[in-house]
Amino acid sequence: MTIFQFPKDFKWGTATAAYQIEGAAQEGGRGPSIWDTFSHTPGRVYNGDNGDVACDSYHRYEEDIELMKELGINTYRFSISWPRIIPTGDGEINREGLNYYHRFVDKLLEAGIEPFCTLYHWDLPQALQDVGGWENRRSIDAFVKYSEVMYREFSGKIKYWLTFNEPWCIAFLSNVIGVHAPGKQDLQAGLDVAHHVLVAHGKSVSKFRELGIEGKIGIAPNVAWAVPYSKSAEDQGAADRNIQVYSDWFLDPIYKGSYPKPLYEFFEQSGHVPPIQEGDMEAIAQPIDHIGINYYAMSVNRFDPNGGYLQMEEVDMGLTKTDIGWPIESRGLYEVIHYLQKYGNIDIYITENGACINDDVVNGKVNDIRRIAYLQQHIAQVHRVIADGINLKGYMAWSLMDNFEWAEGYRMRFGLVHLDYRSLKRTPKESFYWYQNVVKNNWMETRK
Ligand SMILES: CCOCCOc1ccc(-c2cn(C[C@@H]3NC[C@@H](O)[C@H]3O)nn2)cc1
């Protein structure tokens, strides 16, 4: 038996996002987002599921915070619904929306839980999408205005900020692969969106500094770790492109002031380059305080000339998978965090890690032992990374509770707490109590 002891100030938390848990889609002055439109478009989301009610956390946040207190976490990552704050994206401010988040954040602080706030977790106000969304540079200033409202309003209450969640999903999953809102399949649109999101990020960080906000700010890329199927240059290239499109495409502009050359040239071969304007790269490269890393799985990749925008295919190596089909391999978390050290020993938080395990309630319990095994393996890798001297400062399990898993709707469950979507009853799973113990002890037992 080995004991993995974590640093005394280590942040243990869970993560959620507004559209996935709040519901109350047409309450409190909220305007429609692109995910309201997308989820109500037939065929886009499994079973026609949508976020109209979700976990009803808009009304049940006090119950959710009681669960967080029982879990014992010291940090809670959540996102702000932009269309609750500025319903048309860059028009009038909705005071009722601000008041909702004040009540919520005050309750978190009262419970001794650190708010860790994501400004943008995919729910762009539809009114901005109606004029091009992130393909339109207008969204840059709209986001900076929205973020300024939030910085001014919550300065002193919220000290940990993230501008954007998973920019790869915002740009490529949503505009090139087309699985998420707005559901386009256009590489140039993806590059335009990625660039404008990066400029919006940088200008928002500058605003944060200009206002002298007390706190720290960063961005939360989801990261891929990929190994080549063979030693061939083609397969190595495919794996490199897959890694770079998630992390380097966004972190090189922020930390180095330029896009990663190999992938830039790969896209350029097909006639597509980011729409860089004078001053953009300087605007993007504002120093940040931390990055959030969302890690779920790694993959084995090989070259495939017909393999989509990266000319890459993932090879199924027969690894055990979660119920959403992602292979379970915790080694990738260790490898990718070391890979990111090329940007310096930056402060890193694991802002999402978790397993889709669709166990149901049986005799009042959810015996999700597969989720416990996943978490144990991945938290062990977190400990390895810290033991290597890397500034990994916190871990937030995705997710506190089962919620709206985007195009997969409610069938895919990532929560430590089970949601009965008819009654909205919350039932802590066995993994909740396992994680509660790790958090309480600030150490974890391992068999080795
Ligand atoms: C036909 C090709 O299809 C490709 C599907 O490709 C992906 C890739 C990645 C994801 C994905 C989902 N999540 C979990 C979320 N992270 C943020 C939070 O909101 C969680 O709900 N992370 N990555 C989904 C789909």
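I take buried to mean under 20% relative accessible area, exposed over 50%, and partly exposed in between, with a 1.4 Å probe and protein chains only. I note that this is a predicted model, where local features need pLDDT of at least 70, side-chain atom pairs count only at pLDDT 80 or more, and totals for chains, interfaces and linings use all residues. Residues are numbered from 1 along each chain as its sequence is written, and side-chain values use heavy atoms, with hydrogens and water left out.

**Entry 1: backbone**

Most residues other than glycine have a negative phi, and most peptide bonds are trans. I went through the exceptions in turn.

Asp-56 is not a glycine, yet its phi is positive, about 60°. I find Asp-56 in the loop between α2 and α3 (57-71). Helices here are DSSP runs of H or I with at least four residues, strands are runs of E with at least two, and both are numbered from the N terminus. Is Asp-56 buried or exposed? Asp-56 counts as buried because its relative accessibility is 11%.

Asn-363 also has a positive phi, near 50°, and is a residue other than glycine. Asn-363 sits in the loop between β11 (347-353) and α15 (369-387). Its relative accessibility is 78%, so Asn-363 counts as exposed.

Next, the peptide bonds. Ala-181 and Pro-182 are joined by a cis peptide bond, with omega about 10°. Pro-182 belongs to the loop between α8 and α9 (187-210). I also noted a cis bond from Trp-398 to Ser-399, omega near 10°. Ser-399 is in the loop between β12 (392-398) and β13 (417-420).

**Entry 2: ligand site**

I turned to the ligand. Where does the ligand sit? The space it takes is the largest pocket. A pocket, on a 1 Å grid over the protein atoms alone, is an open set of points with protein on both sides within 12 Å along at least five of seven lines. A molecule sits in one if more than half of its atoms lie within 2 Å of its grid points.

I then read the shell. There are 15 residues around the ligand, and Gln-20, His-121, Glu-352, Glu-405 and Trp-406 come nearest. The shell divides into 9 nonpolar, 3 polar and 3 charged residues. Helix α8 (residues 167-177) supplies the largest share, 3 residues.

I checked polar atoms next. A polar side-chain atom of Glu-405 is 2.6 Å from a ligand oxygen. An N or O atom in the side chain of Trp-406 is 2.8 Å from an oxygen atom of the ligand. Glu-166 places a polar side-chain atom 2.9 Å from a ligand nitrogen. On its own the ligand has 580 Å² of accessible area, and the protein covers 71% of that. The areas come from the Shrake-Rupley method with a 1.4 Å probe.

I looked up Ser-39, which lies in helix α2 (residues 34-39). Ser-39 counts as buried because its relative accessibility is 4%.

Tyr-339 is in helix α14 (residues 331-339). Its relative accessible area is 21%, so Tyr-339 is partly exposed. I also compared Tyr-339 with Ile-243: they are 96 residues apart in sequence and 9.8 Å apart in space, C-alpha to C-alpha.

Notes:
Near = heavy atom within 4 Å. Polar contact = N/O pair within 3.5 Å; in protein donor to acceptor, adjacent residues only side chain to side chain. 1 Å grid on protein atoms, 1.4 Å probe; cavity = no way out; pocket = protein on both sides within 12 Å on 5 of 7 lines; lining within 4 Å. Nonpolar A, V, L, I, M, F, W, Y, C, P; charged D, E, K, R; others polar.
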